[in-house]
There are 2 protein chains.
Amino acid sequence: MSRCENCIIRQFNSLRAMSKEELKKVSDSKTTREVKKGESIFEEGERLNGVFCVRNGVSKLSKLSANGKDQIVKLATKGEVLGQRSVIAGESANLSAIAINNMEVCFIPKESIENTLHKNPDFTFEVLRHMAHDLKEADDVIVNMSQKTVKQRMAEAFLYLKNTYGEDKDGFLSLVLSREDIAGVVGTAVESAIRIISEFKKKGYIKTSGKRIGIVEERKLKDLIAGF
Amino acid sequence: MSRCENCIIRQFNSLRAMSKEELKKVSDSKTTREVKKGESIFEEGERLNGVFCVRNGVSKLSKLSANGKDQIVKLATKGEVLGQRSVIAGESANLSAIAINNMEVCFIPKESIENTLHKNPDFTFEVLRHMAHDLKEADDVIVNMSQKTVKQRMAEAFLYLKNTYGEDKDGFLSLVLSREDIAGVVGTAVESAIRIISEFKKKGYIKTSGKRIGIVEERKLKDLIAGF
DNA sequence: TGGGAAACCTGACATATGTCATAGATTCTG
DNA sequence: CAGAATCTATGACATATGTCAGGTTTCCCA
């Protein structure tokens, strides 16, 4: 099993601020786990006794609302650490983490990081910096949700997916989401999402092939977001 | 001028994790400022060279969206520290902070806390804990925004105002917001907000007197939120 | 204290969005 | 490989919400 010390993934998250010894301790206590597409890493309300470091694959962080729909709050990928917030606040998980494709994640028991969190200010500050960033993003999502139309948010989602996960050689978005998940990200009904996809396609902004989606006229999508 | 060491407000925020000496330094460098109703403490995009500790009054943290409407992301009151996120991330402010009523705030230059932030893990962890809490709240707002109707969010807003700021002896909410600000919190048009207020009043859920609003039938509002 | 600005309120209307029903496409599995 | 199950797609419709326009009340300060 690979050691955290050598893990490249680590460079992307707060673990890089750990000392050699701290990292060794984490490495010794961690366990690696496969998570198949559709399986959950943890569920809303669950008590977490550690955090999960994503080595591969993509997870959706979502919350079930009263009306039975899953609102996706964030997509997390390689290098991100899940469950941090809950462990730090000492609360149960506020969101569920479900694998969108096959994943590989490392579980790090909280005992292995709590100590560092109280002793190594560099590490704590790194975690803080990441959380500050997440908070800003969350604030931006709030504004988008309340002030933009579904069509605009849909266009934004496509651009986000392109920028974050890239596209394959045929020009389709690399991260393939079900229509339901797209609706979940955008915060709308599945039917509305599908309808807007059809419309964008008809207008030539995007192309589709099965569930895959490709951006054709980025300019047009951007104009739409800007309000034209 | 009062000293931070003796400030009760401090008990409510992360400053309480500072050592005597650290606190002294903060106290020596801080300046206190009056902010009149409607004035801004800082604006979106502005570079902050410190944080603001609220001693009195309430501030709205909002962001102007493309369509020209102000979305209120959060209300901040006595004890809360504003601008933390920006200073920590080293970014310009993501939100504007505007006084809802007359306020008294202390400005603490970032030099006075940056050092502590890198040296005193207790303090850093305290800040982290607060931010973790804010992040959870932001996530919840996202879900509310996308999955609840305006009517439900309006009802929630009233209950939130009651629970957070209380009510006066006549049963009106202590924190008086303009209809525009209510619309901003809920994320809707002013007219829609007013219409729903009228409806709630007609149904006897709330009462109004000028711009003041009082909750009459809390049960009904809760039912509405739950989806009945 | 009176006049004007700002805030509040209401109606009429257009439209965006959700819901329900149903059909076609895709994929999963025995 | 057939049939089931799941996902995608589309139409018809109801409704929630935004917009515009006009009125009324409240507030402020000269």
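This briefing covers the surface near DNA strand D, one helix of chain B and one helix pair of chain A. The model is predicted. Near DNA strand D, α7(A) is the largest contributor to the surface, with five residues. In chain B, helix α6 is largely enclosed by the rest of the structure. In chain A, helices α5 and α8 are oblique to each other.

**Surface near DNA strand D**
- Around DNA strand D there are 19 residues, of which A:Arg179, A:Ser198, A:Lys211, B:Thr149 and B:Ser192 come nearest.
- Four helices each supply at least two residues: α6 (179-186) and α7 (190-202) of chain A, and α5 (150-165) and α7 (190-202) of chain B.
- By class, this surface has eight polar, seven charged and four nonpolar residues.

**Helix α6 of chain B**
- Six of the eight residues in 179-186 are buried, so the helix is largely enclosed.
- The buried residues are B:Asp181, B:Ile182, B:Ala183, B:Gly184, B:Val185 and B:Val186.
- Their packing partners in chain B are β4 (59-64), β5 (70-76), α5 and α7.

**Helices α5 and α8 of chain A**
- The axes of α5 (residues 150-165) and α8 (residues 218-226) come within 9 Å and cross at roughly 135°; the pair is therefore oblique.
- The crossing of α5(A) past α8(A) is left-handed.
- On the α5(A) side the contact is made by A:Lys151, A:Gln152, A:Ala155, A:Glu156, A:Phe158 and A:Leu159, and on the α8(A) side by A:Leu221, A:Leu224 and A:Ile225.
- This contact comprises six nonpolar, one polar and two charged residues.

Notes. Residues numbered from 1 in each chain as written. Chains lettered and ligands numbered in written order. Predicted model: local features only at pLDDT ≥ 70, side-chain atom pairs only at ≥ 80, totals over all residues. Near = placed C-beta within 6 Å. Nonpolar A, V, L, I, M, F, W, Y, C, P; charged D, E, K, R; others polar. Buried ≥ 20, exposed ≤ 12 C-beta atoms within 10 Å, placed from the backbone. Contact = placed C-beta atoms within 7 Å. Axes fitted to C-alpha atoms, helices over the stretch in contact; angles between N-to-C directions. Parallel < 35°, antiparallel > 145°, perpendicular 65-115°, else oblique. Left-handed = near helix turned anticlockwise from the far one by under 90°.
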